[in-house]
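Please read it alongside the sequence and the structure shown here.

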Amino acid sequence: MNSLVFFCAQKVISDHASTRKALDYIPHEIYPVLFKAAFLDLRTLVLRDVVQRWPFSVLNFSTILKRCKHCDRDVIREKPNKQCLQAVIMGVKDYLLNELRQNRVLTNRKHRSLRVVDLTGLQDDGDRQDADTIGQWSRTVALAKACIEISRTSRRDEYNSSKRRKGKSGAPVEGACDSQMCVEIHANLFVTGNSYGTVKDALQVGKTSPLCLKCRDLRAEELSAKKTVSILELLDTVVLRKIELRYNNLGLCGLNTVFPYLPMFVNLISLKLPYSNIDVRHMTAEMEESFQNMVSMFSQLPNVKELNLASSRLSGRIRELLSVLQKPLESLELAYCYLLPTDATYLANSHHAPFLRKLDLSGNNLSDVLLGPFCQILQQASNSLVYLDIMECRVMDRQLTSFLPALRHCSQLQYFSCFCNPISSQGLKALLHTAVQLAALKIVVHPIPVDCYEEGLPWPPSTYDLIDYSINQEKLSRVDAELNEIRLKAVRTDIVTTVELYSDFSLDMLQLY
C-alpha cells in the first residue's frame, strides 16, 4: 500500500505549472518521492523539472525506484519507459546548460549540487521490443548523443566567453570543464558496429566535457578487435565491473589483441566471451601462444567471479583456464564447450564448485562419461547452487534418475532447466516429485515428454527430431494435468513448470554486483 506522502506527491505533480512554481519551496527530502511519482505516472515534464533542480549530489535510479516505505511498486525491475528516460536526460542537460550559461563555476552554487546520475540499475528489455520502453542499445546511443551535445555547447560557450576567462598571463585557461561543473552519467553500455562511432566520440569528449559518460557494464557485439580495444582504452578503469564481448568471432588470435587491456580494470568481476570462435582441438603454434596468453590474463583478474565461455570448444583445457583464477567462481557458463570427463572431473574437485550459484552446462553430453562427474558437481555445489541449466544434454530417464538424488540436496536451487532433452512423462513426473521438495525452487523448464509426440519419432531422438515431429496434444494435456496434480498435492502451486524457454527469471539473488 502506498503511503500518504506518496499520494500527496502524486497530487502535487498532477499539475505541471503548479509543480514547477512549487519545486523551489519543497523540502529536499521530498524530491525522491516526487521523482518516483513522476516516473510512475509518466509525468515527463515534471520529471524533467525535478531532475533539473535535483538538490542532492547523486541521483540513483536503483535507490529511488525500488520498493520503499512510500510506494510498494518496484519500478526498477520493470522495463524503463522511453519518454521518462528521455525526460531525465533532458533534465540533466537543462541543469548543465543553465550552469554553463550562468557561468556558475565561479559563483554561488548552494542550490546546484548534482554530480552523479546512476542509471546502472535499469533493466534491459531483452529481445522483446515495446514502443513505450527503451532498450539498452537505444539508451546507450541517447546518453552518448547527450554527452556530445553538451560538449559542443560547452566549447561554443567557452569560445564566446574566452576573453573573460583568460588567466593573468593573458592565455586562455585550459580545460573546458571545471571539476565543479562535471556531472557523471554511470550507465551500462551496449555497443555495436552501428553505435561504435557515437559511443567512442562520447567517451572521448567526456574527459573535458561537463557531462561525462562512465561505463559500469560493457556489452559489445560484432566489434572487431581493434574497435573493442579503442573502446576499452576510453573506459574508467575503476568504475568498470563487467565486460561482455559477444558474437565478435574474434577467435584466440583476435582475443589475444584484447587480453592485455583486461587486467587494468581493477574492479572487474564479470567476464563473458560467448561465441568468440575459440577452438582448442586443432591448435597451431600461434593459437597455442594465444591460449597461454589467455591463461596468463585470467591469472591477473583477482576479482572475477562470473565467467561465460559458451560455445568455445575447450575440450581438455578447462583446468588450465580455471585453476589460475584467484577467486572462486559464483557463476560459470560452459554451454556447448565440448567438455571431456577430465574437464568435468576437475570442476567437481575444484575450489569453484562449493561456491557456484549459477551453472550452465547446456549442450554438453551428459548421457555417458560426463554423468558421474556431473553428479559430483551437484554434490559439491548443493549448498550454493541457485540456477542450473542442462538444456540439450542428451539426458534421458536413466540419466535423470541417476542425478535426481544429488539434485534433491540443492537446497538453494531456484531455477532448473532441462529443456530439449529426450525425457518421458514418467521421468518428468519423477523430476517434479523431486522439485516440490526443494523449498526455494521457483521455475522448472522441461521438455515436452517424448511419449507425447506422434508415432515414428526416432530413438534416441535428436534436438531436430524434437522440433520437427508433431505433438499429440491430447497426451500432452493429460501429462500437464498429472504434473499439476503433483504440485497440488505437495502444496507447491508456486512452482512454475513450462515447456518454453524462460527469460524473465531474475538473477539478482546472485548478488554479483
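In this predicted model, the count of cavities of 30 Å³ or more comes to 4.

**Largest cavity**

- The largest cavity holds about 60 Å³ of space, and the residues that line this cavity are Leu85, Leu119, Thr120, Leu122, Arg139, Leu143, Ala187 and Asn188.
- Two elements, helix H7 (136–160) and strand E3 (183–191), each contribute at least two residues to the lining of the largest cavity.
- Sorted by class, the lining of the largest cavity consists of 5 nonpolar, 2 polar and 1 charged residues.

**Second largest pocket**

- The second largest pocket has a volume of about 590 Å³, and its lining is made up of 23 residues.
- Of the residues that line the second largest pocket, Gly363, Asn364, Asn365, Glu392 and Arg394 are those that lie nearest its centre.
- The lining of the second largest pocket comprises 12 nonpolar, 7 polar and 4 charged residues.

**Helices H4 and H6**

- Helix H4 (residues 44–52) packs against helix H6 (residues 82–102) at an angle of about 35 degrees, and the axes of these two helices are 7 Å apart.
- H4 passes H6 in a crossing that is right-handed.
- On the H4 side the contact involves Thr44, Leu47, Arg48, Val51 and Gln52, which meet Gln83, Cys84, Ala87, Val88, Met90, Gly91, Val92, Asp94 and Tyr95 of H6.
- By class, the residues of the contact of H4 with H6 are 8 nonpolar, 4 polar and 2 charged.

**Helices H9 and H10**

- Helix H9 (residues 225–232) and helix H10 (residues 251–258) pack with their axes 9 Å apart and at an angle of about 25 degrees.
- Angles under 35 degrees count as roughly parallel, and H9 and H10 are therefore roughly parallel to each other.
- The crossing of H9 and H10 is a right-handed one.
- The contact of H9 with H10 is divided into 4 nonpolar and 3 polar residues, with no charged residue.

**Helices H14 and H15**

- Helix H14 (residues 371–380) and helix H15 (residues 397–407) are packed at an angle of about 20 degrees, with a distance of 9 Å between their axes.
- That angle makes H14 roughly parallel to H15, and the crossing in which H14 passes H15 is right-handed.
- In H14, the residues Leu371, Phe374, Cys375, Leu378 and Gln379 meet Gln399, Ser402, Phe403, Ala406 and Leu407 in H15.
- The residues of the contact of H14 with H15 fall into 7 nonpolar and 3 polar, and no charged residue is among them.

Definitions and conventions. Residues numbered from 1 in each chain as written. Predicted model: local features only at pLDDT ≥ 70, side-chain atom pairs only at ≥ 80, totals over all residues. Heavy atoms only, no water. 1 Å grid on protein atoms, 1.4 Å probe; cavity = no way out; pocket = protein on both sides within 12 Å on 5 of 7 lines; lining within 4 Å. Points joined across faces, edges and corners; volume = space filled by probe spheres on them. Nonpolar A, V, L, I, M, F, W, Y, C, P; charged D, E, K, R; others polar. Axes fitted to C-alpha atoms, helices over the stretch in contact; angles between N-to-C directions. Helix = DSSP H or I, 4+ residues; strand = E, 2+ residues; numbered from the N terminus. Parallel < 35°, antiparallel > 145°, perpendicular 65-115°, else oblique. Left-handed = near helix turned anticlockwise from the far one by under 90°. Contact = heavy atoms within 4.5 Å.
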